Amino acid sequence: MFNIKNIQDFNDLEMSVYQYVIQHQDAIPYMRIRELASDAHVSTTTILRFCKKAGCDGYLEFKLKMKEYIGNKVNVHIPEDLSELRAFLERMDSGIYQQKLNEAASMIAQADRVFCVGVSNSGYVAQYAARYFSGFGKFSMAVTDPFYPMWQMNEVQNTVALVFSISGEVSQVIQITNQLKQHNCRIVSITNTEKCTVAQMAELNLCHYITMRRGENNTDFKKHQIEAIIDYTSQVPAIIVAETLAKRVAGYLLEE
């Protein structure tokens with residue numbers, strides 16, 4: 001209903017109206033302008049200015065938009081899709097996938113250090129993975145800042161980078177991956193498919209094939225999430241892969 005520019009343009013009085021509207025959304029479509037002005041402790045003139053800044057010609061249009069907004073919220077459904085996770089675990093148990101896991105774990109075990117790369121939601125996975133690897137005694141650090149000065153690094157020939165990216169097409173991640181490759185860093189990508197750019201740049205790819213879910217691709221979600229694009233694609237497969245690799249690396253290290 002409101003975007004960032006709307007909110008930034010509100011003055012103090014209009015912001016108080018905004019706060020009241022957010023807290024009483026269901027009642028707004030049935031309130032007269034004088035009632036709203038009285039409850040929000042502002043004048044009707046302030047209400048009209050508020051409506052205009054919210055992109056409405058007047059209070060009546062604002063009420064209609066609020067009613068539509070409330071109605072659309074009821075239709076939102078986010079599937080749990082546990083069947084996809086079960087399918088991923090079955091694929092992960094296959095001989096081919098297990099061979100890739102062993103190959104990746106061997107690469108990491110022989111490396112001096114591990115970089116876990118990711119931005120946005122994948123950045124949190126990268127941070128978790130770095131901490132998890134470190135807990136098993138493998139030096140690891142997370143690279144989640146797309147502006148990290150990778151070009152100032154010395155040669156990192158004996159380093160493996162685990163690059164986490166659902167789509168594998170995020171420009172910042174591609175940029176970091178490219179910089180690491182230029183410094184002779186070996187790349188293992190954890191992406192949704194092996195067809196994406198990041199996977200193609202990697203020496204080894206571990207993909208999980210789950211449905212990518214974002215608000216911009218969901219009609220019901222888009223109707224009332226105007227101010228933000230919601231990414232609710234599951235990160236569980238990436239976390240499982242990271243934990244599995246860390247445990248196998250620990251096993252290799254104990255054998256040495």
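**Reading helix packing in a predicted model**

Visitor: How is the packing of two helices described?

Guide: Two packed helices are described by the angle between their axes and the distance between the axes. Here the axes of helix H8 (residues 120-135) and H12 come within 10 Å and cross at roughly 15 degrees. That makes H8 roughly parallel to H12, because angles under 35 degrees count as roughly parallel. The crossing of H8 past H12 is right-handed.

Visitor: At what angle do the axes of H7 and H12 cross, and within what distance do they come?

Guide: Helix H7 (residues 95-110) and helix H12 (residues 236-255) have axes that cross at roughly 60 degrees and come within 8 Å. H7 and H12 are therefore oblique to each other. H7, too, passes H12 in a right-handed crossing.

Visitor: Which residues of H7 and H12 meet?

Guide: On H7 they are Tyr97, Gln98, Leu101, Asn102, Ala104, Ala105, Ser106, Ile108 and Ala109. Their partners on H12 are Val241, Thr244, Leu245, Arg248, Val249, Tyr252 and Leu253.

Visitor: Which residues of helix H3 are buried?

Guide: In H3 (residues 33-40) the buried residues are Leu36, Ala37 and Ala40. They lie on the same side of H3, because the arc they cover around the axis is only 100 degrees. Histidine 41 follows H3 and has a positive phi, near 60 degrees.

Visitor: What does the protein as a whole come to in secondary structure, and what share of its residues is buried?

Guide: The secondary structure comes to twelve helices and five strands. Of the 256 residues, 43% count as buried. As for contacts between residues at least 6 apart in sequence, 68% of them join residues at least 24 apart.

Visitor: What is the average pLDDT of the protein, and where does pLDDT stay under 50?

Guide: Where pLDDT is low, the predicted coordinates should not be read in detail. The protein averages a pLDDT of 86, and 86% of the residues score at least 70. Over residues 216-228 pLDDT stays under 50. For that stretch the model has 23 contacts beyond four places in sequence.

Terms used: Residues numbered from 1 in each chain as written. Predicted model: local features only at pLDDT ≥ 70, side-chain atom pairs only at ≥ 80, totals over all residues. Heavy atoms only, no water. Buried < 20%, exposed > 50% of the residue type's maximum accessible area, 1.4 Å probe, protein only. Helix = DSSP H or I, 4+ residues; strand = E, 2+ residues; numbered from the N terminus. Arc of directions from axis to C-beta. pLDDT = per-residue confidence, 0-100. Contact = heavy atoms within 4.5 Å. Axes fitted to C-alpha atoms, helices over the stretch in contact; angles between N-to-C directions. Parallel < 35°, antiparallel > 145°, perpendicular 65-115°, else oblique. Left-handed = near helix turned anticlockwise from the far one by under 90°.
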